[in-house]
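Here are my notes on the model you sent over, point by point. Have the structure open while you read.

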Amino acid sequence: MQNLFRGFRDEIKTLLEPLLPDKYFSYQTLLLLSLFSLLVATAVESTGDDNPWAVTLLTNLSWIFFVTTVWWALEEHPIKVYGFSISPWITGAVLCLFLFKPWVSDTRFRWALTCWPLISTGVLALPKFVDWELKLKNRSKSTNKTLVMTTLINLLLSSWILFHFRVQDWVNNYPSLLVGSFDRSAFVYDFERGREQQSQGVPLLEEIAAEVTEELNDQPWYQTERWLYTRRSRLETITRRAKESLDARNEGDFWQVEVPRELRPIEDGYFLDLFANWTGPTSRDGSFYVQKTCRILPTDRPRAVLPQTGTDATQTDEPPPTSRSTVVDCGELAVQRQGESQQASQGER
Amino acid sequence: MEYEPILPIRTIVFQILFLMVAIVIEAGILRQRLRLGFQTSVQYALVTNLATVVAGWIVFLVVEPLASASIREQIISYVLFDNLLVSGWTTRTGFLLFVCAIFVFFLAFFIKAKGLEFMLRADDTWKFLAPRNKKPVSRDDRYAKARGGASLTQASIPNFTDTVIQANAASFSVILLLLLLRAVAEEWTL
């Protein structure tokens with residue numbers, strides 16, 4: 001038992017060995033300070049007293065100690081890739097985490113990632129400008145040149161990161177761009193193969209169809225015919241509203257909704273063909289459109305009539321009193337198709 | 001915000017490739033015409049080209065959000081789909097692209113010339129290169145020049161601006177050639 005206990009203690013000792021300082025002036029001391037500040041901060045917070053100021057101060061102190069620890073430790077044991085020390089970039093990453101707290105929001109995340117190369121350059125350059133007593137150093141010409149080169153390379157890295165975010169913004173603002181394939185692009189590579197992106201034209205047409213249904217359903221047939229006669233202006237208003245309700249509203253300008261010139265008659269009613277053409281950027285011969293058809297039919301509904309006393313009248317040849325009202329059926333989901341819509345190829349622009 | 005797994009890998013690869021090509025060509029020309037050392041000329045070419053590229057990125061990143069919707073549409077189309085002709089090739093787009101190309105060329109030239117001058121000054125080699133910093137050319141020299149043969153001193157001082165514009169033109173031409181080859185290869189494979 002005693003033996004086991006001792007063995008356990010030795011085990012812990014070897015585990016803690018790298019954390020415990022040999023001398024006081026070392027990075028392990030700073031690490032312990034950082035952990036201590038964090039501990040005190042949690043202790044203060046858990047007492048329940050409302051003291052945000054102290055907690056903030058202590059956590060910030062902890063962060064500062066931690067950043068310094070990382071810097072110092074990497075200074076003593078540099079991490080090298082092909083003989084080139086990447087320590088400043090690691091310290092820079094930790095410093096960015098402290099300065100920007102990128103987990104809070106997307107903007108902060110972007111700032112952190114964009115500034116990372118520049119802050120790392122600062123970390124790299126600082127010891128070359130000042131010594132431990134914060135006095136200005138004289139730099140040799142070759143150091144200066146290396147510094148200029150590193151700064152430029154890191155600016156280039158930042159530009160690439162910014163460009164990446166710009167592309168992400170485009171894809172987010174105009175999600176229907178993802179319908180095309182990026183294979184030919186000389187700038188970006190799409191890691192998701194065989195992406196089955198549904199363009200926003202589908203929800204757009206669904207929205208329009210829902211509005212049309214709402215406007216026409218159960219309306220008297222003569223009003224529906226009048227509506228259909230003036231469909232151009234009516235659909236324009238509906239389209240404008242539907243575009244505003246899109247998830248990515250910037251895309252509205254790239255969708256061109258066509259008003260059918262001819263209505264296809266069916267039985268007593270009509271087919272209303274709706275087309276939404278994507279006019280934005282696509283891959284070559286990757287143009288597409290979205291189509292949806294609504295059936296607008298009249299039905300005879302018995303008019304709500306007051307029960308009449310004279311039953312003879314109903315038994316004659318006359319049909320029972322009815323009114324023609326409208327049924328709109330936009331059954332199937334809108335379909336996305338490759339190529340140009342027929343309407344567009346007919347020059348209906 | 002959700003991020004799509006779309007990364008500008010090709011931008012990075014092409015940029016590194018073109019930078020290397022430009023640096024090799026320009027370093028060769030600088031070495032030959034300015035009589036700089038091998039390492040020095042590579043270093044100068046590297047720094048000037050990096051500065052040019054960074055300036056270009058800054059211009060793009062600043063201009064793109066300010067651009068009008070139609071121009072942004074063209075930019076997106078070109079970047080994502082390698083397709084510059086959304087609404088057909090017009091004289092206006094052609095002219096615009098031409099003006100942009102000329103502007104880019106001269107901006108690159110300006111940055112490279114200034115950067116090179118700055119670095120030469122820092123290395124104290126500028127005074128050996130710039131003839132205007134020397135005392136006026138002697139009468140004999142002018143006479144020799146008029147007679148057709150350049151004097152020894154002048155022969156060793158080739159025109160600095162001339163060199164930079166030559167280096168710039170050479171690297172631009174080769175990169176354009178590479179782009180052209182890429183376009184041809186893409187047409188071929190389709």
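This is a predicted model: local features need pLDDT of at least 70, side-chain atom pairs count only at pLDDT 80 or more; totals for chains, interfaces and linings use all residues.

1. The secondary structure of chain B amounts to eight helices and one strand.

2. How much of chain B is buried? Of its 190 residues, 22% count as buried. As for the contacts in chain B between residues at least 6 apart in sequence, 62% of them join residues at least 24 apart.

3. Now the interface with chain A. On the chain B side, 35 residues are in contact with 38 residues of chain A. Strand 1 (6-7), helix 1 (9-34), helix 2 (38-66) and helix 3 (69-81) of chain B each put in at least two residues. Which of these elements gives the largest share? That would be helix 2 of chain B, with ten residues. By residue type, the side of chain B that touches chain A splits into 24 nonpolar, four polar and seven charged.

4. There is strand pairing between the chains too. Strand 3 of chain A (residues 189-190) pairs with strand 1 of chain B in the antiparallel sense, over two bridges.

5. Next, the domains of chain A. The assignment gives domain 1 (2-175) and domain 2 (201-301 + 321-345). Taken over C-alpha atoms, the centres of domain 1 and domain 2 of chain A are 57 Å apart. The contact between them takes four residues from domain 1 and five residues from domain 2. On the domain 1 side, the touching residues are two nonpolar, two polar and no charged.

6. One residue to look at in chain A is A:Lys137, which you'll find in the loop between helix 5 (106-129) and helix 6 (141-173). Is A:Lys137 buried or exposed? A:Lys137 counts as exposed, because it has 11 C-beta neighbours inside 10 Å and the cut-off for exposed is 12 or fewer.

7. What does A:Lys137 touch, leaving aside its neighbours within four places in sequence? The contacts are A:Lys128, A:Phe129, A:Val130 and A:Asp131. A:Pro127 sits ten residues from A:Lys137 in sequence, and the two are 8.8 Å apart in space, C-alpha to C-alpha.

Technical notes:
Residues are numbered from 1 along each chain as its sequence is written. Chains are lettered from A and ligands numbered from 1 in the order in which they are written. Helices (H or I, at least four residues) and strands (E, at least two) are DSSP runs, numbered from the N terminus. A residue is buried if 20 or more other C-beta atoms lie within 10 Å of its own, exposed if 12 or fewer, and partly exposed in between; C-beta atoms are placed from the backbone. Two residues are in contact if their C-beta atoms, placed from the backbone, lie within 7 Å. Domain bounds come from an automatic or database domain assignment. Ala, Val, Leu, Ile, Met, Phe, Trp, Tyr, Cys and Pro count as nonpolar, Asp, Glu, Lys and Arg as charged, and the others, Gly among them, as polar. Two strands pair if DSSP finds at least two bridges between them.
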